[in-house]
Amino acid sequence: MRAQVGIIGAGPAGLMLALLLRRRGIDAVIVENRSRSYVEQRVRAGLLEQWVSDLLVETGVGARLTREAMFHDGIHLAFGGKSHHVDFRKLTGKGVTVYGQQEVVKDLIARLTDDGVPILFEVEDVAVHDLDGDMPRISFRKNGEPGEIACDFIGGCDGFHGVCRPSIPAGLLTTYEREYPFGWLGILTESPPPADELIYAYHERGFALYSMRSATVSRLYVQVDHGEEVERWSDARVWEELHLRLGGVRSLAEGRVLQKSITPMRSFVTEPMRHGRLFLAGDSAHIVPPTGAKGLNLAVADVVVLARAITAFYTAGRSDLLDAYSATCLDRIWKGQRFSWWMTQMLHRFPDGSAFDRRRQLAELAYVTSSTAAATTLAENYAGLPMTW
Ligand code: APR
Ligand code: PHB
């Protein structure tokens, strides 16, 4: 097979890259090692910065989002037995959209399939070759048969555990990493959320987050110990912690638990995000802890930059935007890293934290919820920093 751009991974980064290229008349092929139903069912976070939901609408994949998503103007921060509203709309003029990541994935796959963009699911043994030359290749097996895509560029959109990042000689990459001494146990439940907007709760037993997917389905998280096993958390135990950590600020209805899983918490960045004709985008190059809700948003920002750079190459023979790709993306990524770390350190109970640390966290929360200047820094980062490029 021949394509201008070969993309590895049918997550939000790979799918959005294919759509943006398609709209500029550049053809792409996607290879994905999981099945279509697997990627469409995978439960992930679901919070879009304002510009991301606007982009989905502009690029023609926003019809269902416009009908079904929940548009929020801010969040609640709960601590010390009280809830405080941070009004993003008032502070920055922007809001956020709650729409499950797998819904974005479904909408993108449907659209690309309609447009005839090939997505090869359930491929095995994916590998990349000749990254230093003008015609890199992707090899794979499908239904036991070998296959190959010769292309001009490869989009390495295969997530944190993919093959693209490890294909770059390790000595050429610098990685920055921080592991947190806790994880999040998340449940998806058939129960109404306790508030109209998300509640981020600081509690002496640990952090909890009350999010949602609709008026009747909630997505709820509790901080658990690092390396904790999901089997140790019965539904009853999860509900008990959720009630306790809400600290009496709202009542919480229980319901049938549809899904339960544990997410580790990690900050990770690899630099540069390019090697020859291979460009890393999304989780293959960087991971944020979910407290700032930035994972999907940073992935989409990367592919906007990449699609623009590839387009300039084909339409104007320019390589400067490709050369600037890594630095352009990393500027936003590190701001997203900083914000995600800041939200995480402010809201979680650290196992080695002292009484001093806890008083400092409470002072920080009190400051953020009482000072317009402090609340605005949270709001502008959460709702999405301006796209300056
Ligand atoms: N070959 C082909 N596909 C692969 C391979 C491989 N060797 N390894 C992984 N993949 C696929 C995965 O199955 C997945 O569908 O690559 C895709 C990567 O998608 P995501 O993990 O969703 O990553 P990305 O598209 O960068 O989106 C980032 O995902 O993890 C969340 O919170 C994160 O919201 C962020 C978003
Ligand atoms: C979610 O709805 O799954 C969600 C929302 C906000 C976050 C993390 C996860 O910070």
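Modeller: On a 1 Å grid over the protein atoms alone, a cavity is a set of points where a 1.4 Å probe fits but cannot get out, and lining residues have an atom within 4 Å of a point. Grid points are joined across faces, edges and corners, and a volume is the space filled by probe spheres set on the points. The model here is predicted: local features need pLDDT of at least 70, side-chain atom pairs count only at pLDDT 80 or more, and totals for chains, interfaces and linings use all residues. Residues are numbered from 1 along each chain as its sequence is written.

Colleague: How many cavities of 30 Å³ or more does the count give?

Modeller: The count is 4 cavities of 30 Å³ or more. The largest cavity has a volume of about 110 Å³. Its lining comprises 13 residues, and A45, G46, L209, S211 and Y221 lie nearest the centre of this largest cavity.

Colleague: How is the size of an interface expressed, and what area do domain 1 and domain 2 bury between them?

Modeller: Interface size is often given as the accessible area lost when the parts come together. Buried area is that loss with a 1.4 Å probe, summed over both parts. Domain 1 and domain 2, whose bounds come from an automatic or database assignment, bury about 1300 Å² between them, 66% of it on carbon and sulfur atoms. In domain 1, V43, P290 and W342 lose the most area to domain 2, together 36% of what that side buries.

Note on methods: Chains lettered and ligands numbered in written order. Heavy atoms only, no water. Buried area = accessible area lost by both parts, 1.4 Å probe. 1 Å grid on protein atoms, 1.4 Å probe; cavity = no way out; pocket = protein on both sides within 12 Å on 5 of 7 lines; lining within 4 Å.
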